[in-house]
Amino acid sequence: MNFNKVIYGDVTTLDLLAVILIFLVAVILSKGFSIYLRRALKEKVSKDRLQIISKTVYYGILGVAVIASFPLLGINPSGLLVAGGIVGIIIGFASQSIVGNLISGVFLMMERPIKIGNSVRIGEYSGMVEDIRIISTSLRTWDGLYVRIPNEKVFTDSITNYVAHAARRFSYVVGIRYSDDADKAISIIKNLIEDQPLALTNPPPQIFVDSLGDNAVNIIVRTWAPAREWYTLRMELLWKIKKALELEGIEIAFPQRTVWFASEIHTKEIGDTQN
Amino acid sequence: MNLKTDQPSPLPADNQPGQESSPSERPSIYGRHNLPLSISRDELTISIDQSGDTWFYQRECAGDRNEKKLLTPSDTVLINPVEPLNKPKEITSFLMVEFERNLMIEPGVKRKVFVTFPIEIGVFMPSKKGLEVIDIFTLQKQKFTLYGDPRTGVICKYWTSGIHSAEPQTDPLRQGVLRLTVSNAGDHWVELTRAVFNAYGMKLFYSDDMVSMKATMKILGRHMAETDFTNSPLKKDMTNSIELYTARKLAVTVPKFIMELGL
């Protein structure tokens, strides 16, 4: 095989083989290096930062390989800048949505309203952010479904980040009977929350009689928990409150109605009727 | 997690296989132990027994139970206090010690006080690549709190302590002694209600009767202070603990903590 055979301009078969070799080495190097970084920094760096670092390294090495192969392919990098600009405008007009997604992706990465691993709601989708790419963002919904959302939609939709702040509050309404001691119930709930490690000491929990309802004295229970752990506590606490109250003879009220009759009503026990 | 350490062996093996001491002369559980092992304290039992080619690890601590089989040729185990930030879940690297009474300090004054901190205990197995933590437990009640507001604050492990002028007597399985050197570099009297520390700087030391740390708190203003740990024991005969966070620390990790959300 003649390696010096000219393919176009000054580019020979050997140059093409060299470019392929450079790319192969670059791909192997970038994959190997990014895997090594993921393993080495797994326990030392947060998941979202680790993704950014490994992606930067991966695409950085590939980028260097691309630039290094330009002279072999007879491309002048300075001329490419001008050509790239013109091509960019053409591509931009031709594929506005892709460019829109790309620009939105860049802004999302700069503004960082969400990070990989965050629990979020974007528009109609709720779940955990799996990946933030340059064109799209992927979520794993609470049902375990994969959802890919174009970045333009992410950027323009409303985003609720459940873990953006360190702590969050949740509340319950506990309705007890009118015959029960509300002060005692409040004290029981306070002690119970005090024993929960994930219920934060500060901001302090709020437990008070919120309203005198039709069927119950409504006690509101507001507790702060670490944003990433609040649901664990929320799942456990209500049933513990119910059990602790019942242990002390305080019962959760249920709807009931007292009916007064205008005239006296003669009633018989069912047993009498049957006899 | 695999922990590499250049530290010398913390203590000679202080128990013989299967040996159990009477309660009156019970040695500390901290240090290196030969296997099989059996330790029993008030609310704590640890046993590691051989079962064929494997070791069977059992631990019960205040109602919390952990059992596992260990496939290792090693016949020693190391037990020592670790940073008190792992139980019930590792959700923060900050420890807040709230003072039972507020502490006021005059400008330009530097004083040493003693506070307590909660103890968590780590069980490590040596391997060719270092030490592997196989269990962490605590006899203390766990609680978390928020330092600052929900938007800018940080979650901290929570502990309350009195302020002592001398080392308080503590049960080394439950509480450690922290010597805090407080200095007020500002121009005003400052009232302290708490101290927040970063686990990445913690340096724990232990002996038979005490677990200790040394820390400094430099007051930089009425609402700002910097806390840091000192890598030296409180007493001469103390042994350096194998810490968990120190092993994870990157060169860029800052072990100090700036308390800028209130003192």
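1. Two strands count as paired if DSSP finds at least two bridges between them; strands (E, at least two residues) and helices (H or I, at least four) are DSSP runs, numbered from the N terminus. By this criterion, strand S8 (residues 94-105) of chain B and strand S13 (residues 154-161) of chain B run parallel, joined by five bridges. Within the S8-S13 pairing, Met96(B) stands opposite Tyr158(B).

2. This is a predicted model, in which local features need pLDDT of at least 70 and side-chain atom pairs count only at pLDDT 80 or more, while totals for chains, interfaces and linings use all residues. Residues are numbered from 1 along each chain as its sequence is written, and chains are lettered from A and ligands numbered from 1 in the order in which they are written.

3. Chain A has eight helices and 10 strands. Its radius of gyration, taken over C-alpha atoms, is 33 Å. The C-alpha atoms of chain A fill a box of roughly 115 × 40 × 40 Å along the principal axes.

4. Chain A is divided into domain 1 (6-75), domain 2 (105-161) and domain 3 (167-247), with bounds from an automatic or database domain assignment. The centres of domain 1 and domain 2 of chain A, taken over C-alpha atoms, are separated by 28 Å.

5. Of the 275 residues in chain A, 19% are buried. A residue is buried if 20 or more other C-beta atoms lie within 10 Å of its own, exposed if 12 or fewer, and partly exposed in between, with C-beta atoms placed from the backbone. Among contacts in chain A with a separation of 6 or more, 63% involve residues 24 or more positions apart; a contact requires C-beta atoms, placed from the backbone, within 7 Å.

6. In chain B, four strands form an open sheet of mixed pairing, in the order S12-S13-S8-S15. Strand S12 (144-147) and strand S15 (190-198) are the edge strands, each pairing on one side only. Neighbouring strands of this sheet are turned by 45° against each other on average, direction ignored; the axes are lines fitted to C-alpha atoms, and angles run from 0 to 180 degrees between N-to-C directions.

7. Strand S18 (residues 224-230) of chain B pairs in the antiparallel sense with strand S17 (residues 211-221) of chain B over seven bridges. A hairpin of two residues joins S17(B) to S18(B), and Met217(B) stands opposite Thr227(B). S18(B) also pairs in the antiparallel sense with strand S20 (residues 257-259) of chain B, over three bridges; there Ala225(B) has Met259(B) as its bridge partner. The covered face of S18(B) holds Ala225(B), Thr227(B) and Phe229(B), whereas Met224(B), Glu226(B), Asp228(B) and Thr230(B) form the uncovered one.

8. Most residues other than glycine have a negative phi, and most peptide bonds are trans. The bond joining Leu35(B) and Pro36(B) is cis, with omega about 0°, and Pro36(B) is in the loop between strand S2 (31-34) and strand S3 (37-40). The bond from Lys87(B) to Pro88(B) is also cis, with omega near -5°; Pro88(B) lies in the loop between strand S7 (76-82) and S8. Ala62(B), not a glycine, has a positive phi of about 50°.

Notes: The radius of gyration is taken over C-alpha atoms; the globule rule is 2.2 Å times the number of residues to the power 0.38. Two residues are in contact if their C-beta atoms, placed from the backbone, lie within 7 Å.
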